[in-house]
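This briefing is intended for use beside the sequence and the 3D structure. Please keep both in view while reading.

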Amino acid sequence: FFSLFVGCVVLIAVQGLAALPWLLAVGTRTRRRLGDAKFWLQAAGVTVGLAALAAYFMNENNDPAVLARGGRLYMAALHLQLGADLFVGSLALLLTFWPKGGAVTMASFREGLRQPMFWLLLLAASFMMLVSIFIPYFTFGEDIKMVKELCYAFAMLFPAFLGVVVASMSVHDEIEGRTAVTVMSKPISRRQFLLGKFLGIAGAALAMTVLLGWALVWVILWKQTWDPGFGAEPIPDPAWVVQGAERLFPQSSFGDLLKGAGFWINDAGEALPGLVIGYCQVMVMLAAAVAMATRVPMVVNVTACLIIYFLGHLTAVMKEVTAGAYALIHFMAQAFDTILPGLDLFDVGTAVIRDVPLPAERYALYAANVALYGITYTVIALLFGLILFEDRDLA
């Protein structure tokens with residue numbers, strides 16, 4: 001019991017420390033209480049009490065499966081807290097090293113999170129992911145692949161829609177409503193204003209991607225447990241997690257708890273490359289929307305982004321189909337393929353539906369290459385937007 005108690009104290013303390021950055025960011029009351037010794041004594045008492053309860057539960061209920069589920073839940077909660085800390089730390093660094101642009105970024109990020117549309121889209125995407133578990137796909141035991149493909153598509157489409165709509169509304173409305181004149185009288189340059197807007201909206205879209213990615217892991221786990229498919233073999237536990245826990249804590253309840261935490265890390269790591277690829281597509285579409293928002297209203301901007309999205313996925317196919325047969329269509333397909341982003345590169349469906357999963361190293365390398373392509377095209381689109389914004393009349 002004592003060893004379990006000590007381990008639980010450490011784990012609960014880690015959760016508490018992970019909560020401090022975002023608690024400091026959301027309220028001033030926490031900042032005042034940090035300097036009070038009474039606050040730390042209360043936190044220590046709560047930590048010891050929770051650790052004693054957790055240790056007692058594990059000592060009385062030492063079923064490895066139950067303990068592994070507890071470890072998975074623990075790591076899932078820590079996952080969310082570390083994600084929130086990432087945003088807090090990134091905004092703090094921006095405000096430190098780029099104060100004027102960072103202020104615009106923080107305002108845009110908060111505006112994106114406070115939009116009712118953000119939470120409506122998040123709930124809609126989560127609901128559709130959940131519903132995808134129960135849809136019959138008639139794939140003869142391959143339903144899990146369809147669920148994965150749909151969930152990755154939802155984790156990309158909804159943040160992309162949020163980014164395009166918010167950028168179309170926010171940037172254009174501030175320019176047309178003369179708010180940009182007030183902002184630039186601080187003084188803030190046009191470059192700082194536009195790049196700050198992009199980074200803030202991209203941060204809101206990334207927050208939705210992180211939350212949907214967290215939900216995606218749970219949906220896939222639920223599907224694998226509830227309906228693995230006819231004749232599907234059970235997925236073995238990752239060897240590195242089992243061997244590491246057995247080496248550190250052989251045949252112990254705390255080792256089973258750590259196995260569950262390792263299982264979540266493994267599942268989240270497997271989902272990460274697909275989420276990175278999907279977010280790169282979000283970033284490209286958002287950069288295009290921000291660039292066009294300097295000149296055109298929301299309806300035109302959203303329509304143009306839809307056209308870019310469909311043509312970006314179709315140009316590669318059109319080039320192959322029309323090669324040597326339809327010269328004019330082939331020429332137009334080549335022109336679109338040169339100018340528009342190759343969005344077919346951001347499709348993770350081909351990696352999901354394979355009979356044999358891609359090696360982790362090759363998949364991670366492909367995700368890095370796609371991320372580099374997405375960043376490059378994003379920079380080009382933003383430079384084009386800065387050119388359009390440079391001589392835009394704001395008065």
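The structure is a predicted model, in which local features need pLDDT of at least 70, side-chain atom pairs count only at pLDDT 80 or more, and totals for chains, interfaces and linings use all residues. Residues are numbered from 1 along each chain as its sequence is written, and side-chain values use heavy atoms, with hydrogens and water left out.

**Nonpolar core**

- The largest nonpolar core has 100 residues, and those touching the most other members are M129, F198, M208, L212 and L216.
- Helix 11 (residues 253-293) gives the most to this core, contributing 21 residues.
- Such a core is a set of buried Ala, Val, Leu, Ile, Met, Phe, Trp, Tyr and Cys residues joined through side-chain atoms within 4.5 Å.
- Buried here means under 20% relative accessible area, exposed means over 50%, and partly exposed lies in between (1.4 Å probe, protein chains only).
- Residues up to four places away in sequence aside, F198 touches M283, L286, A287, V290, T378 and L382; contact means heavy atoms within 4.5 Å.
- L194 lies in helix 9 and is buried, with a relative accessible area of 1%.
- Not counting residues up to four places away in sequence, L194 touches V171, V290, T294, G385, L386 and F389.
- The C-alpha atoms of L194 and V171 are separated by 8.0 Å, and the two residues are 23 residues apart along the chain.

**Helix 15**

- Helix 15 (residues 360-390) has 31 residues and reaches 44 Å from its first C-alpha to its last, close to the 45 Å expected at 1.5 Å a residue.
- The expected span is 1.5 Å times one less than the number of residues.
- Helices are DSSP runs (H or I, at least four residues), numbered from the N terminus.
- The buried residues of helix 15 include Y363, A367, V370, A371, G374 and Y377.
- Further along helix 15, T378, A381, L382, G385, L386 and F389 are also among the buried residues.
- T378 has a relative accessible area of 4% and therefore counts as buried.
- Neighbours within four places in sequence aside, T378 is in contact with F198, M283, V284 and A287.

**Salt bridges**

- The whole structure holds four salt bridges, each defined as a side-chain nitrogen of Lys or Arg within 4 Å of a carboxyl oxygen of Asp or Glu.
- E111 and K197 form one of them through their side chains (3.7 Å, N to O).
- E111 lies in helix 5 (residues 99-114) and K197 in helix 9 (residues 190-226), so this pair ties together parts that are 86 residues apart in sequence.
- E111 is partly exposed at 29% relative accessibility, whereas K197 is buried at 3%.
- The side chains of E246 and K259 also meet in a salt bridge (2.8 Å, N to O).
- Because E246 lies in helix 10 (residues 239-248) and K259 in helix 11, that pair ties together parts that are 13 residues apart in sequence.
- E246 is partly exposed at 30% relative accessibility, while K259 is buried at 14%.
- K259 is also joined to D256 by a salt bridge (3.8 Å, N to O).
- Both K259 and D256 lie in helix 11, three residues apart, or about one turn of the helix, and both are buried.

**Helix 1**

- F2, V6, V10 and V14 make a nonpolar surface patch of about 370 Å².
- A patch of this kind takes residues with over 30% relative accessible area and no salt bridge, with nonpolar side chains (Val, Leu, Ile, Met, Phe, Trp, Tyr) joined within 5 Å.
- Accessible areas come from the Shrake-Rupley method with a 1.4 Å probe.
- V10 is found in helix 1 (residues 2-26) and counts as partly exposed at 48% relative accessibility.
- A18 also belongs to helix 1, but this residue is buried at 8% relative accessibility.
- Leaving aside neighbours within four places in sequence, A18 is in contact with L78, Q81, L82 and D85.
- A18 and C151 are 133 residues apart along the chain, and their C-alpha atoms are separated by 28 Å.

Definitions and conventions: Helices (H or I, at least four residues) and strands (E, at least two) are DSSP runs, numbered from the N terminus. Patches are made of residues with over 30% relative accessible area and no salt bridge: like charges are joined within 9 Å, nonpolar side chains (Val, Leu, Ile, Met, Phe, Trp, Tyr) within 5 Å.
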